Amino acid sequence: MDELMIDLQKATAMEMANWRLHLWQMSIPEALSSQRYVQLSAFPTDMNYSRFITTVSAARKGSPIRLLTELMQRSPPSLISLAGGAPNPNVFPFKKATVAIGHGNAVEIGEDLMKRALQYSASAGIPELLSWLKNFQRNLHNPPTANYSPERGQMEVCVTTGSQEGLCKVFEMLINPGDNILLDAPTYAGTLAALRPLGCNIINVPSDQHGIIPNALKEILSAWSPEDIKSHSHSLPKFLYTIPNGCNPTGNSLTAERKKEIYQLARKYDFLIIEDDPYYFLQFEKPWAPTFLSMDLDGRVIRTDSFSKILSSGLRIGFLTGPKPLIDRVILHIQVSTMHTSTFTQIMISQLLQQWGEKGFLEHIDRVVEFYKTQRDAMLVAADKWLKGLAEWYPPAAGMFLWIKIKGVSDTEQLIMEKALQKEVLLVPGRAFNINSSEPSSYVRASFSLSSPAQMDLAFRRLADLIKEA
């Protein structure tokens with residue numbers, strides 16, 4: 001046994017195959033009694049990423065101009081370049097900037113840095129921000145893929161113009177018309193708007209206040225036979241999309257145990273997991289839930305993060321983390337679309353994060369969480385005061401939303417879009433988050449991010465009057 005022990009994260013495909021064969025040949029008692037025994041389920045799966053990528057994405061090639069831009073930025077100042085088509089920063093009207101920071105020193109962007117901030121930059125993100133984010137993801141999630149080789153799904157990061165850009169490019173990379181995908185609806189309306197035109201078959205996985213129900217997912221997947229899995233049938237679902245913390249609109253959060261079960265199903269049926277987690281940093285209790293990325297032995301998780309809810313929504317900075325072969329495809333798409341996320345906003349965020357460090361950033365997160373937790377509690381008090389007996393809800397463990405089921409109302413569309421407006425209260429009717437937006441919903445989504453406790457109280461009093469009338 002000892003001479004066959006291997007480093008699971010650095011092993012070649014041949015070493016992995018020999019190790020599996022050796023375990024298979026061992027008697028079960030010998031294997032189980034060995035102190036060095038490793039369960040087969042703990043082995044990374046050799047991923048075939050090409051089977052997930054669409055024809056359009058596979059056809060993308062690196063832009064020679066973009067590659068020259070990145071090469072020039074990595075070159076010493078002594079290089080004389082006549083290749084670039086970048087404008088001369090000396091003619092830009094903006095010279096320097098000072099941005100006041102709460103709980104920190106001001107961010108200073110001097111003349112030299114401003115010239116860089118206003119210029120083209122690498123499509124994956126500016127180097128210092130990418131480096132900070134990669135280290136942060138390693139320290140926060142400790143993904144098994146961090147030390148893998150690139151072709152085996154090494155963890156990679158790229159900056160996107162908000163997490164929505166990253167999501168849209170991931171969908172375009174993965175979805176051919178007719179592909180089956182899995183998601184738990186009701187879900188974020190922006191995701192549904194991005195998915196519908198792609199012609200995929202969306203399979204709804206039942207969920208409750210604790211997120212996706214693993215047994216329901218298992219029942220859905222049982223429609224595919226072992227032969228389908230072995231032959232990598234084209235009808236197998238390509239991926240599961242989920243918002244695991246403080247889901248928009250439901251506020252649901254997946255438990256750690258459910259995530260583990262779901263990940264094992266992803267391995268068995270060989271589908272990817274898109275972990276869309278903009279509310280990860282808005283979890284109201286610690287310890288924070290472990291992520292799918294932290295469980296990802298195979299390199300099958302693509303994770304989206306966003307600074308929108310915690311630093312600024314207007315700066316439009318998000319980032320994708322996932323296996324390098326897939327993140328590289330997204331970067332090729334960025335090269336020919338947005339070219340790169342705003343260099344100025346990247347530098348502004350990068351300067352702030354380097355000033356704070358991880359410790360300062362997490363201290364800022366604690367202040368943000370405390371604010372939203374107070375807001376949530378105020379909304380729950382107002383709901384309990386005015387809506388008890390008229391509606392049902394679960395206290396959300398993360399996020400910005402309360403998902404309310406109105407009793408005795410089969411569809412809230414008219415109630416909200418017509419009558420509520422007359423009463424000067426506005427919520428989002430539940431059908432906006434259904435896969436089929438024409439299906440009725442007895443739910444409404446209420447956000448506690450902006451309104452004061454007094455406004456929440458008044459809004460729910462008006463809503464209660466409407467429900468009684470209906």
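Modeller: Let's start with Ser-447, which sits in strand 15, residues 443–447. Keep in mind that this is a predicted model.

Colleague: What makes Ser-447 partly exposed?

Modeller: Its relative accessible area is 28%. Buried means under 20% and exposed means over 50%, so at 28% Ser-447 falls in between and gets called partly exposed.

Colleague: Which residues is Ser-447 in contact with, leaving aside neighbours within four places in sequence?

Modeller: Met-379, Met-400 and Phe-401. The cut-off for a contact is heavy atoms within 4.5 Å. There's also Gly-399, 48 residues apart from Ser-447 along the chain, with 9.3 Å between the two C-alpha atoms.

Colleague: On to the cysteines. How do you know that Cys-247 is too far from Cys-168 for a bond?

Modeller: A disulfide needs two cysteine sulfur atoms within 2.5 Å. The closest cysteine sulfur to that of Cys-247 is in Cys-168, and it's 17 Å away, so that's too far. The disulfide count by this rule is zero. Cys-158 is in no disulfide either: its nearest cysteine sulfur, again in Cys-168, is 13 Å away.

Colleague: And why are Cys-158 and Cys-247 called buried?

Modeller: The limit is under 20% relative accessible area. Cys-158 has 0%, so it's buried, and Cys-247 has 2%, so it counts as buried too.

Colleague: Why are helix 7 and helix 13 called roughly perpendicular?

Modeller: Their axes cross at roughly 110° and come within 10 Å. Angles of 65 to 115 degrees count as roughly perpendicular, so this pair gets the label. On the helix 7 side (residues 162–174), the contact includes Glu-165 and Met-173, and on the helix 13 side it includes Leu-326 and Ile-334. By class, that contact has five nonpolar, one polar and four charged residues.

Colleague: What makes Asn-142 exposed and Arg-316 partly exposed?

Modeller: Asn-142 has a relative accessible area of 59%, and exposed means over 50%, so it qualifies. Arg-316 is at 31%, between the 20% and 50% limits, so it counts as partly exposed. Asn-142 has a positive phi of about 45° although it isn't a glycine, and it lies in the loop between helix 6 and strand 3. Arg-316, also not a glycine, has a positive phi of about 55°, and its loop runs between strand 10 and strand 11.

Key. Residues numbered from 1 in each chain as written. Predicted model: local features only at pLDDT ≥ 70, side-chain atom pairs only at ≥ 80, totals over all residues. Heavy atoms only, no water. Axes fitted to C-alpha atoms, helices over the stretch in contact; angles between N-to-C directions. Helix = DSSP H or I, 4+ residues; strand = E, 2+ residues; numbered from the N terminus. Parallel < 35°, antiparallel > 145°, perpendicular 65-115°, else oblique. Nonpolar A, V, L, I, M, F, W, Y, C, P; charged D, E, K, R; others polar. Buried < 20%, exposed > 50% of the residue type's maximum accessible area, 1.4 Å probe, protein only.
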